[in-house]
Amino acid sequence: MSHPDRSDPGLLNKLLDKIRRYDGPPLTIMEVCGTHTVSIARMGLSALLPKGVSLLSGPGCPVCVTPVDIFDEAIYLAREKDVIIATYGDAMRVPGSETSLLEVKAGGGEVYPVYSTTDALDLSQKNKNREVVFIGLGFETTSPTVAHALITAKNLGVNNFSVLSAHKVLLPAMEALLLDPEVKIDAFLCPGHASMVLGWRCYEELAEKYGTPSVVAGFEPHEILLAINMLLAQAKEGAVRVENAYPKAVSEEGNTSALNLLERVFKKVDSKWRGLGMLPGSGYELSDEFADYDARRRFLSGVKFDSSEPAGCSCADVLRGVIAPAQCPLFAKRCTPKDPVGACMVSSEGACGAHYRYREV
Amino acid sequence: MQKRITTAHGGGGEEMRELISGLFFKYFSNPYLEKLNDFAKVDISSRRIALSTDSFVVEPWSFPGGNIGDLAVCGTVNDISMSGATPLYLTCGFILPEGMPLEDLEEIVSAMARRASEAGVLIVTGDTKVVGRGAGPFINTAGVGAVPDGIDIGGEMAKVGDEVIVTGAVGSHGIAVLSKREGLSFSTEVLSDCAPLNKMVAALIENGIIPKVLRDPTRGGVAGALNEISVQSGVEIEIEDEAIPIEQGVRSACDMLGYDPLHIANEGCMLVVVSQKDAQRALELIQSCKYGEGAARIGRIAEGAPRVTAKTLLGTKRLVDPPSGELLPRIC
Ligand code: SF4
């Protein structure tokens, strides 16, 4: 949490005031990014929005949208294939069908939390007689770093490192939500990090096709409030534009070298999402050039999981913005960060986790 | 050749005596220790004493802003100080891995000596064991302090209307260790805040300000410590997000890793609950102390069910939960 307003204590209030005086048509804004969800929950913004304006949490939490299958695959690898699993800490706690990677680790399995693919690659170099599999999760924010590590591995001739890719393409998920009859979205608060790679122009096609104003936002409280003001201004004048409220980090065309890395190392495939199901062209699988580094091709041929959500968990509806976390019957009762039922409660940027941690009183 | 710890150093023979006289005496020299007994006899002229023990297993043993030796002394000094007592004597047990360079041990021991002298405590007896390679070094320290008459400080003493002060920026220790452990570099280097707090406690008491509660928010961070106090005292604690001092480096590391600075461990700041009438004076006294420049009034004790709430930047009110589970890295 930041205090950019320290130098200008009035700024936040000015921005908030303007939001509260909004008198345009009703507007449901989806914040796509999990980091925005956390920031919004922490500053307690929802309670202050004027009548008719609401914020929905979207599918932008990488661990949350990863389907149970991936965790089952990782658990299978750790148990049956004698490999070292490296992954992000949050991913270790997500329940698979029967157990979680954290429990596998507690039972003696070799599962290590890492902060980046580079750490995982280092791990493989420290354990040259073992296979290290990195579970790659997330959007265009994290996938370029995986691509970079894979190119490094290839250049170095590393042969005991591979990636189980569950990487996702952001835009198809946004479009799927716009097409979903159960979901009502009038505008998008677009993610800051992913947009650094993708550039802000990539949202124009959706904005035009579906008439959804979209604004790219930074992460500081005042940056989020500013972007919301820009969305409200568009709504009031009946405009539909893509605007960039985070120009210090996001450019029009994005980061071309990162995009080139993605192009080389991955190929887009149909992919299953928690909550959204199978979406065409929405996943990143390793390209044929990197087939030797593809854990799925190396260790999982013939193995197929088609697992379903934990019983009673409404993550599917939460991730689509159909219900707010508190509307899930298990929220804060059977399901808490200490003993999570679904992925949305596990992850620090999952909607349920953020709403629980920073719940209003 | 580099000298290393061998099993002989824990074996009770010649090598161990060499280690004791060559290294430990060199740094911890005092008459109690040099008697070479398995015990230390000390004088304490106080009706009540405070005792505490803590084991230190930090990995890696050295981190930006300190090492395990700094922690081993400051940690126990601070635990004793949180009762209002004046810490006097420490004991110290080392569990060292075979193969550890003696140079590293010297770095740790010299840090302990520096901190002990800064805090005005003596390390009066100790023990050394050597174990197989792979883990450690570990250190246990225990300590004793004299509780001044009439001082009754404890987590159960907070009353409605009291104020809460934090004596320095929060979250630095945990982030410093993490940055070293995971080889992360953040835009600004974050140093551990590790420091002895006994002088600060003494400054308050000597000036007639008797805190209700003192608590060093180590593991569990400020959120954990405040929740404990609220339960012990059966009160609501209201803090203000805006008022909590957090260094920019800690802030950005937490943003990046998905942590809440209020959940991160500290080793050189404390929470002070004082009556409202004492609050301003207490703040000024703390700010005039060596580790208190960054102190701030962050909230107050309110009527209500035991819980901790925070006024958000925008003026709404949210719950502050203690952290749950191990802090693990996350994805964005
Ligand atoms: S509260 Fe728990 S069970 Fe309900 S949707 Fe969220 S994560 Fe799933």
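**Cavities, ligand and backbone**

Visitor: Which residues line the second largest cavity?
Guide: A cavity is a set of points, on a 1 Å grid over the protein atoms alone, where a 1.4 Å probe fits but cannot get out, and its lining residues have an atom within 4 Å of a point. By that criterion, the lining of the second largest cavity consists of A:C313, A:S314, A:C315, A:V318, A:C328, A:L330, A:F331, A:C335, A:V341, A:G342, A:M345 and A:C352.

Visitor: What kind of model is this?
Guide: Residues are numbered from 1 along each chain as its sequence is written, chains are lettered from A and ligands numbered from 1 in the order in which they are written, and side-chain values use heavy atoms, with hydrogens and water left out. Local features need pLDDT of at least 70, side-chain atom pairs count only at pLDDT 80 or more, and totals for chains, interfaces and linings use all residues, the whole being a predicted model.

Visitor: Where does the ligand sit?
Guide: A molecule sits in a cavity if more than half of its atoms lie within 2 Å of the grid points. The cavity that meets this condition for the ligand has a volume (the space filled by probe spheres on points joined across faces, edges and corners) of about 70 Å³. The ligand therefore sits in the second largest cavity.

Visitor: Which residues are closest to the ligand, and which elements contribute two or more residues to its shell?
Guide: The ligand is surrounded by 13 residues (a heavy atom within 4 Å), and the closest are A:C313, A:C315, A:C328, A:C335 and A:C352. The elements that supply two or more residues to this shell, in chain A, are α15 (315–319) and α16 (343–346).

Visitor: How many charged residues are in the shell around the ligand?
Guide: Ala, Val, Leu, Ile, Met, Phe, Trp, Tyr, Cys and Pro count as nonpolar, Asp, Glu, Lys and Arg as charged, and the others, Gly among them, as polar. The lining of the second largest cavity has 10 nonpolar, 2 polar and no charged residues. The shell around the ligand comprises 11 nonpolar residues, 2 polar ones, and charged residues: none.

Visitor: What is the volume of the largest cavity?
Guide: The whole structure contains 4 cavities of 30 Å³ or more. Among the 12 residues lining the largest, those closest to its centre are A:C33, A:G60, A:F139, A:T141 and A:P191, while β1 (27–33) and α10 (192–198) of chain A each give two or more residues to the lining. That lining divides into 8 nonpolar, 3 polar and 1 charged. The volume of the largest cavity is about 90 Å³.

Visitor: Is the pair A:Y88 and A:F134 stacked or edge-to-face?
Guide: The structure holds 10 aromatic pairs over all chains (Phe, Tyr or six-membered Trp rings with centres within 6.5 Å; planes under 30 degrees apart are stacked, over 60 edge-to-face, the rest tilted). A:Y88, in the loop between β3 (84–87) and α5 (89–93), and A:F134, in strand β5 (132–138) of chain A, are 46 residues apart in sequence. Their centres are 5.6 Å apart and their planes at 80°, so the pair is edge-to-face.

Visitor: Is A:W273 buried or exposed?
Guide: The rings of A:F139 and A:W273 have centres 6.0 Å apart and planes at 45°, so this pair is tilted. A:F139 lies in the loop between β5 and α8 (143–156) and A:W273 in strand β10 (266–273) of chain A, so the pair ties together parts 134 residues apart in sequence. Relative accessible area under 20% means buried, over 50% exposed, and in between partly exposed. A:F139, at 5%, is buried, and A:W273, at 2%, also counts as buried.

Visitor: Which residues does the cis peptide bond with omega of about 5° join?
Guide: The peptide bond from B:E59 to B:P60 is cis, with omega near 0°, and B:P60 lies in the loop between β1 (48–56) and β2 (62–63) of chain B. The loop between β5 (122–131) and β6 (138–147) of chain B holds B:P137. The cis bond with omega of about 5° joins B:G136 and B:P137.

Visitor: What is the phi of B:L36?
Guide: Most residues other than glycine have a negative phi. A:D82, in the loop between α4 (68–80) and β3 of chain A, has a positive phi near 55°. B:L36 lies in the loop between α2 (31–34) and β1 of chain B and, at 54% relative accessibility, counts as exposed. Although not a glycine, B:L36 has a positive phi of about 65°.

Conventions:
1 Å grid on protein atoms, 1.4 Å probe; cavity = no way out; pocket = protein on both sides within 12 Å on 5 of 7 lines; lining within 4 Å. Helix = DSSP H or I, 4+ residues; strand = E, 2+ residues; numbered from the N terminus. Buried < 20%, exposed > 50% of the residue type's maximum accessible area, 1.4 Å probe, protein only.
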